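Let's take a walk through a protein model together.

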Amino acid sequence: MPRRREGNTERFCCISMGSEAEAAPAHVVLLASPGAGNLLPVIELARRVVAHDDDGAAGRFTATLVTYTNFSSASQCSSSLASLPPSVSTVALPEVPLDDLPADARVETRIFAVVRRALPHLRDLLRSLLACPAGVAAFVSELLGPWALEVAAELGVPGYVFCTSNLMALASLLHGPALDGATAGELRDLPEPVRLPGCVPLRGADLLDSVQDRADPAYELTVELGKKYLLADGFIVNTFDAMEREAIAAFEQLSDEGVYPPVYAVGPLVRSCSGGEAAAKHGCLRWLDEQPDGSVLYVCFGSGGTLSAAQTAELAVGLEASGQRFLWAAKLPSDKDRAASFFGGGDGDDDSPTNYLPEGFVERTRGTGLVVPAWAPQVEILSHRAVGGFLSHCGWNSTLEAASAGVPMLAWPLCCPEPLISR
């Protein structure tokens, strides 16, 4: 039988320490890709790694959390960053130029450009850390940055990939090179379902947005991801047995056969209800306190998902007509990009989402609904007794937070990898 690796970070931490059980704390470097949805789970993984004490001894690990200056999400994740223990240090790689990219370049293309162009800065950072007494026991790259594994290997540091999405998304990326070589047309037009290890069959149109157009630069870069992943010494995945049992078992079998590196299911890594000042003062929680148990539908499309102006108006009409109690974390709409909010805004950064709602909507629904522009304390909301459902884009962080809180979800996937997750 394949060895079960689901549960905690114990197995990964033990491998990182090697046999130096009595040595100084082992130092782990974690690299987060741009975007709040990528940074938050890396923050939680860093927190889990330094808290690891399999034999009751504290302080066995220290960590450096590395981010990018380009497309920084530090302001969106400020409370989580501020709550990290002293054993986790943070550093941002210097900004890299992106002026040569087309104005309409996809989100993925821009992220990949940042990751690749910042590699010299990452190399300098790792060399400086290796020169310190603690050294570097392991390097962990977030899912979108596997090019960094080449730098870690060059410097003799074990490298891992942290999958901040579900295991099915990782499986689709690993399968990308084979699928690219076996097909000539567009993947969205595949006549037969795509079958991945331990996963439900997928239509070609359900695969990642970045592989739906062979002519787009993001296509080749996404296919290249699948090749770079094989440089990893292991995959750390923010999932758990009850969520993806068949996929975990299939990956373990493939790992034991030498097809893929080992997989370590360490989830769910979600932020706990901190009772932080910003969350505690948020008026939406006081509003929820006044609602009956399980009566409120929470509506939010994550840090990056963006509705069009027409979709925003139609959603408002539907909520009002339903008479359902709701709490809506609304963002500026965009008619150009379903991921417009990923880097900070919709069509007008100085505008307000409420300006795109039907006239009088806020006043007419005041007794049953509440619209919160932009940010809301999602973990606290989902954990509130008054919330009985969640209309979501099906981002993996949101999915795990809802599952952890026991809140049923209605799926409205917008962009990659949300169609995959919603399946």
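What follows goes from the whole chain to its cores, then to a sheet, and ends in a loop.

First, some ground rules. This is a predicted model, in which local features need pLDDT of at least 70 and side-chain atom pairs count only at pLDDT 80 or more, while totals for chains, interfaces and linings use all residues. Residues are numbered from 1 along each chain as its sequence is written, and side-chain values use heavy atoms, leaving out hydrogens and water.

The protein chain averages 88, and 88% of the residues score at least 70. Residues 1-6 are another story: pLDDT stays under 50 there. For that stretch the model has 24 contacts beyond four places in sequence, where contact means heavy atoms within 4.5 Å. Where pLDDT is low, the predicted coordinates should not be read in detail.

Now zoom out. The protein chain has 16 helices and 12 strands; these are DSSP runs numbered from the N terminus, with helices being H or I of at least four residues and strands being E of at least two. Of its 423 residues, 53% count as buried. Buried means under 20% relative accessible area, exposed means over 50%, and partly exposed lies in between (1.4 Å probe, protein chains only). Among contacts between residues at least 6 apart in sequence, 76% join residues at least 24 apart.

Next, look inside. A nonpolar core is a set of buried Ala, Val, Leu, Ile, Met, Phe, Trp, Tyr and Cys residues joined through side-chain atoms within 4.5 Å. The largest one here has 65 residues, and Phe139, Leu170, Tyr229 and Phe235 have the most contacts inside it. Helix α7 (residues 167-182) gives the most to this core, with 8 residues.

Which strands make up the open sheet, and in what order? Going across, you meet β10-β9-β8-β11-β12, 5 strands with parallel pairing. Two strands pair if DSSP finds at least two bridges between them. Strands of a sheet pair through backbone hydrogen bonds, either parallel or antiparallel. At the edges sit β10 and β12 (409-411), each pairing on one side only. From one strand to the next, the twist averages 15°.

On one side, 4 bridges link β9 with β8 (residues 296-300), and Tyr298 stands opposite Leu327 in β9. β9 is also joined to β10 (residues 369-373) by 5 bridges, with Ala330 opposite Pro373. Between β8 and β9 the chain passes through helix α12 (residues 309-322), making a right-handed β-α-β crossover. That label means that, with the strands pointing away from the viewer, the path from the first strand over the helix to the second runs clockwise.

β8 also has 5 bridges to β11 (residues 387-392), where Val299 has Leu391 as its bridge partner. Helix α12 packs on the sheet, touching β8, β9 and β11, and its direction makes about 165° with that of β9. Axes here are lines fitted to C-alpha atoms, for helices over the stretch in contact, and angles run from 0 to 180 degrees between N-to-C directions.

Finally, find Pro86 in the loop between α3 (78-82) and β3 (88-93). Is Pro86 buried or exposed? Pro86 counts as exposed because its relative accessible area is 86%.

Notes:
pLDDT is the predictor's confidence in each residue, from 0 to 100.
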